[in-house]
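Please open the structure in a viewer and keep the selection tool at hand.

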Amino acid sequence: MSIADAILLFVAGFLSGVVNAIAGGGTFLTFGAMTLTGLPPIVANATSSITQFPGYVTSSLAYAKEIRADWREAALLGGISLVGGLAGALLLLSLDNPSFRALVPWLLLAATIIFAAGPYLKPKTLHAETPVSPLGFVGQFLTSIYGGFFGAGMGIMMLAVLGLTKGGDYHRLNALKNFLAVVIAAVAIIVFASGDVVGWPQAAVMVPAGALGGWSGVWAARRVPQPVIRGLVVAVGAALTVYYFVTG
């Protein structure tokens, strides 16, 4: 790994932590950076789960007050997310690199579209105390499978599911999203580490950057207009989608 590669990975890790804390989509940055430095797609995807994890943790700690306010639902959704994340991670390990590489542009395209549509998926009619509906639990299970398998756009998918099936303001839903992301990433890390598909040198560079970005992201979430961050993530997702279709 060259110095230039290390700098690219550190910057991508930091920015991924920031955008994950705000709305999700950090995997676009980490996955793209690692594949650009030459990692195979499955290794890049698995390593990305590890690099995202500290950012999810620090963001959750910064949102501790909001998470405690919904601790019962957080525990139930966390259990569902654990099972779904495990299933998704095991599904990834069942594939070889060429098979997964063929799926990557389609996964990125779908994630980019969903991320771009995120602001339009949340209704404005749910009361602040509306609990998660049964459909919300099903939606979170499916999202957690996707998160364990790939992860790009997982955060916005969770925000969409929570926004459609539970009441509360943005920061309350975002706090719950960050907590569930911790659960999904943790179980995926265990599976990927045991499957020997992790690029540990790259992770060593990106983990501290992601943790710093995750903490900074909560500060930014309260001050930086969401459309600015969302526009950046959509642009990166679109560029990566085109790149993988063209080079496929």
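Begin by selecting L82, V83, L135, V138, F141 and L142, which make a nonpolar surface patch of about 560 Å². A patch consists of residues with over 30% relative accessible area and no salt bridge, with like charges joined within 9 Å and nonpolar side chains (Val, Leu, Ile, Met, Phe, Trp, Tyr) within 5 Å. A salt bridge is a side-chain nitrogen of Lys or Arg within 4 Å of a carboxyl oxygen of Asp or Glu; accessible areas come from the Shrake-Rupley method with a 1.4 Å probe, and for residues only the protein chains shown count as cover.

The model is predicted: local features need pLDDT of at least 70 and side-chain atom pairs pLDDT 80 or more, whereas totals for chains, interfaces and linings use all residues. Residues are numbered from 1 along each chain as its sequence is written, and side-chain values use heavy atoms, without hydrogens and water.

Next, colour α5 (71-93) and α7 (134-149), each of which supplies at least two residues of the patch. Helices are DSSP runs (H or I, at least four residues) numbered from the N terminus. The largest contribution, 4 residues, is from α7, the helix that holds L135. L135 counts as exposed because its relative accessibility is 62% (buried is under 20%, exposed over 50%, partly exposed in between, with a 1.4 Å probe and protein chains only).

Then select N45 in helix α3 (residues 41-62). Is N45 buried or exposed? N45 counts as buried because its relative accessibility is 0%. Residues up to four places away in sequence aside, N45 touches F31, L92, F100, F149 and F150, where contact means heavy atoms within 4.5 Å.

Finally, go to P225, in the loop between α10 (200-221) and α11 (226-247). P225 is partly exposed, with a relative accessible area of 48%. Select I22 as well: P225 and I22 are 203 residues apart in sequence, and their C-alpha atoms are 9.9 Å apart in space.
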